[in-house]
Amino acid sequence: MALKKQNFAEGEIAIFDEACVYKRGEYWQFRLWLPKENKYARKSLRTRSESTAVERGKAAYLEIYGNLQQGKSYFSITTKEGVEKYLSFRMRDVELGHIVKGRHTTIATHLQHFLSFIGKDTKLKELERTDCENYFYHRHKSTNGNVKQVTVQNEQSTINALMKWLNKNGETHIDSFEFKKLPRLDKGNEAIRRATLTNDEYETLYRAMRTYTAKHNKLDDAELRVRKIVQHYVLIAANSGLRVGEQRQLRWSDVQIEQHKVNGEEQKLARIHVRAETSKVRTSRTFLCRNGQYFERLQEISKSKSADELIFTVDNANELSKRTLLYHWHKMIELADIADRDVRDLVPYSLRHFMITQRIMSGLTFRQIADMCGTSVAQIEKTYYHLNDEIRLTNAVADYRRREDGTIEVL
């Protein structure tokens, strides 16, 4: 595509007779008339040096001219429009069952932070690889230091996934940002240990929940019902190890109560089926869970009429909201007076940590626990095995004796 020779004003330096660089304030700018789009292509060269501006102007001209020769347009949609297109594309993944709806919500949240930083009206084709070098500093400052480094790292991964998709669709000249390298995180188990209830703390929480849902609180029927639903959510989570998203999406058709004789005693177990579309890892699984009576009690509270109804719901139509769950969870944790609760990041997911550590201490193999919880053996071993002092103590005092015949007897 041939460009026409242009006439330039005083102070404008011609670039290949068709474009020019000129100074605006202290910095040099680039300009090129695009007849097909009937607009000027403009770009800040980000330099105060005339010689540098000329060199960058030539590079800009050659890049634009090369793209025009390939039939690519120069003018760009905004970052806001690009994000909207990407979220619409990812919504198809939700509809196809490739990701859960909650994951889509998380992606949208990450990209809102990106728009806040980069500017909603910024042109995508003006973005450069170094434009997000200060992203972590921005997020840290905007939250008064209350954002976790791992959160920002996850946001950066989402942002670069966006850029890769936009570049593949011809909306950007770059396929990723070069974020400033962050300090390496200590991925030890201390954070998870602190976010996990001990056996004694769970017993205290169990008693606190009974007080929280007691009739002597003189609660109206609606409030008492919500509290009991959250109470049973906690009881079932602590016994099943279900992820929050998996548990909130359970339907009565996913659970069957079975009677089993264990060590000479009759026990009610719940056979739980986690559907692939509700699982974080997109794989279905079925396992048995102790204390199936909790489901029976919850069914009486919720008065469900159909197997298709959600198990954890306040209105028999929508999932128990995270906001409601968290509100009553923190109220019960506060009532239980758990030590250091304000700094331990105790959340409903802590019940999954609790269940897994209890199963390890009960002697189950990592494979058995991984099958129940829908995760890998390596993840169980790496994350949970050394979480508590009971296991550390058992490992430390383990002993043996050598028999007279030379064999070893474990004591």
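This short talk goes through some helix contacts, a salt bridge and a surface patch in the structure above. Please keep in mind throughout that we are looking at a predicted model.

Let me begin with helix α2, which covers residues 79–96, and helix α3, which covers residues 101–118; their axes lie 10 Å apart, and the angle at which they pack is about 170°. Because an angle over 145 degrees counts as roughly antiparallel, we can describe α2 as roughly antiparallel to α3. If you want to find this contact on the screen, look on the α2 side for residues including Val83, Leu87 and Met91, which belong to the set that meets α3 residues, among them Ile107, Leu111 and Leu115.

On the α3 side the contact involves residues including Arg103, His110 and Phe114, and on the α5 side residues including Asn154, Glu155 and Leu162. The contact of α3 with α5 divides into 5 nonpolar, 4 polar and 2 charged residues.

Next, charges: side chains of opposite charge can pair when their charged atoms come close. A search of the whole structure gives 22 salt bridges, and one of them joins Arg46 to Asp131, with the closest N and O atoms 3.5 Å apart. Arg46 sits in the loop between β4 and α1, whereas Asp131 sits in the loop between α3 and α4, so that this pair links distant parts of the chain, 85 residues apart.

Finally, at the surface, Tyr400, Ile408 and Val410 form a nonpolar patch that has about 340 Å² of accessible area together, and Ile408 belongs to strand β9, residues 408–410.

How values were computed:
Residues are numbered from 1 along each chain as its sequence is written. This is a predicted model: local features need pLDDT of at least 70, side-chain atom pairs count only at pLDDT 80 or more; totals for chains, interfaces and linings use all residues. Side-chain values use heavy atoms; hydrogens and water are left out. Patches are made of residues with over 30% relative accessible area and no salt bridge: like charges are joined within 9 Å, nonpolar side chains (Val, Leu, Ile, Met, Phe, Trp, Tyr) within 5 Å. Accessible areas come from the Shrake-Rupley method with a 1.4 Å probe; for residues, only the protein chains shown count as cover. A salt bridge is a side-chain nitrogen of Lys or Arg within 4 Å of a carboxyl oxygen of Asp or Glu. Helices (H or I, at least four residues) and strands (E, at least two) are DSSP runs, numbered from the N terminus. Axes are lines fitted to C-alpha atoms, for helices over the stretch in contact, and angles run from 0 to 180 degrees between N-to-C directions. Angles under 35 degrees count as roughly parallel, over 145 as roughly antiparallel, 65 to 115 as roughly perpendicular and the rest as oblique. Contact means heavy atoms within 4.5 Å. Ala, Val, Leu, Ile, Met, Phe, Trp, Tyr, Cys and Pro count as nonpolar, Asp, Glu, Lys and Arg as charged, and the others, Gly among them, as polar.
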